Amino acid sequence: MKKSVFTVSALALAVAGAAQAEPQAEVLHWWTSGGEAKSVAVLQEEFAAKGGTWTDMPVAGGGGDAAMQALRARVLSGNAPTAVQLKGPAIQEWYEEGVLADISDVADAQGWADVLPESIANHMKCEGTWCAAPVNVHRVDWIWANADVLESNGIEMPTTWDEFNAAAAKLQEAGIIPLAHGGQAWQDATVFEAVALGILGADGFRKAFVELDEEVLKSDEMVAVFDQMRLMRGYVDPNFPGRDWNLATAMVMNGEAAFQIMGDWAKGEFLAAGKAPGEDFLCASVPGEGFLYNVDSFAMFEVDGDDKQEGQALLAELIVGENFQEVFNLNKGSIPARTDVDLSAFDSCAITSSEDMAASSESGSLLPSYAHGMALRGAQSGAITDVVTSHFNSDMSSEEAVKQLAAAVVNSL
Ligand code: BGC
């Protein structure tokens with residue numbers, strides 16, 4: 001177990017907002033799109049208002065792969081940033097490297113255990129201590145649509161994959177791109193897990209992508225998941241390789257494409273562009289039962305210096321603060337991680353997300369997103385994504401993909 005880096009007096013001062021040393025923070029994150037930048041600015045402003053100096057270290061690249069590479073380089077050179085956007089089992093992986101600070105003093109003083117659902121709190125703990133601060137709950141299994149495009153083509157939001165396929169065929173005939181997509185491995189994985197949730201069901205998803213059950217990985221249902229992915233490949237435009245996710249969202253906004261399957265950070269883009277849910281764009285969970293969650297969080301890396309440690313304590317306190325959780329999430333498209341934030345200012349997509357999350361938690365279908373690093377350690381999720389992306393970008397058969405999937409998972413263990 002690691003010793004807390006925060007002295008009681010530093011914590012008390014930071015909590016009171018009157019620190020001796022000026023709080024400093026160098027913050028590594030990957031929030032660089034329009035909606036994301038607006039959201040992270042909320043934290044910067046709150047930090048500055050409390051006397052903190054924020055050094056921004058944005059590393060562009062949706063899903064955070066590039067940010068995680070940058071982090072590795074910084075830690076290896078013995079110069080870790082003070083605060084890092086980090087999530088899922090990667091938090092525990094870094095803790096095992098002995099480089100994370102213990103933020104239990106802040107968590108205890110702020111009563112995090114009373115305001116966070118257990119499922120979220122568990123991700124923030126390392127051997128019983130608090131080692132990360134949660135920002136939000138993003139839902140991954142969403143379909144976004146351009147409302148006018150659907151209406152003028154007589155299409156309803158699909159509730160089964162057959163309906164989705166029928167809508168796509170109709171849109172193609174009308175010369176509209178059915179699916180806005182960016183050919184980046186993490187985006188392929190995002191669509192794949194949404195399809196998998198629908199086809200495998202919540203239990204099948206858990207067995208495949210949480211428990212890595214070989215039977216399910218090799219099952220006929222998994223073949224059906226890849227069959228649907230092959231159809232999805234036919235619904236994207238030829239310019240999809242390498243496209244950033246927010247540019248795909250823009251295609252839905254401007255009516256070039258009808259749908260996007262993406263987490264609700266896409267809603268942050270619609271909102272930042274002044275679009276209204278239910279009028280300009282529609283949101284619906286993908287066909288099938290369940291809720292794939294993706295919790296953004298920040299971990300503090302062990303650093304020397306009172307100013308930096310006070311910056312870490314202040315950041316942790318602000319991140320889980322009620323005001324930040326409301327304002328940040330209104331911009332980001334997600335819902336607060338805290339259960340006691342008033343949702344009256346949130347839109348219908350957020351309310352759906354909150355209600356569905358509660359219902360899924362009850363029914364046992366609340367599941368961690370594998371594509372966004374919540375379900376598995378890096379080696380396993382990377383092995384799965386390699387197969388998903390090489391299937392999507394070739395003419396590999398579904399049977400071959402399933403064979404490779406099972407083998408890749410076994411090899412990664
Ligand atoms: C993060 C989101 C982010 C998205 C696109 C996800 O993995 O959780 O906060 O907006 O990637 O960059």
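Biologist: What joins the side chains of Ser334 and Asn136?

Modeller: A polar contact of 3.1 Å. The term means a pair of N or O atoms within 3.5 Å; within protein, one must be able to donate a hydrogen and the other to accept it, and residues adjacent in sequence count only if both atoms are side-chain atoms. Ser334 also makes a polar contact with Asn329, side chain to side chain, at 2.6 Å. This is a predicted model, with local features needing pLDDT of at least 70 and side-chain atom pairs pLDDT 80 or more, while totals for chains, interfaces and linings use all residues. Residues are numbered from 1 along each chain as its sequence is written, and side-chain values use heavy atoms, without hydrogens and water.

Biologist: Where is Ser334, and is it buried or exposed?

Modeller: Ser334 is in the loop between α16 (322-332) and β14 (335-336). Helices (H or I, at least four residues) and strands (E, at least two) are DSSP runs, numbered from the N terminus. Ser334 has a relative accessible area of 0%, so it counts as buried (under 20%; exposed is over 50%, partly exposed in between; 1.4 Å probe, protein chains only).

Biologist: How do I read a positive phi?

Modeller: Most residues other than glycine have a negative phi. Two residues here go the other way. Glu127 has a phi near 45°, and Leu212 has one near 55°. Neither is a glycine.

Biologist: Where does each lie, and what is its accessibility?

Modeller: Glu127 lies in the loop between β4 (125-126) and β5 (129-130). Its relative accessible area is 58%, so Glu127 is exposed. Leu212 is in the loop between α10 (185-209) and α11 (214-217). At 15%, Leu212 counts as buried.

Biologist: How far apart are Gly373 and Asn294 in sequence and in space?

Modeller: They are 79 residues apart in sequence, and 7.8 Å apart in space, C-alpha to C-alpha. Gly373 is in the loop between β15 (366-368) and α18 (378-392). At 23% relative accessibility, Gly373 is partly exposed.
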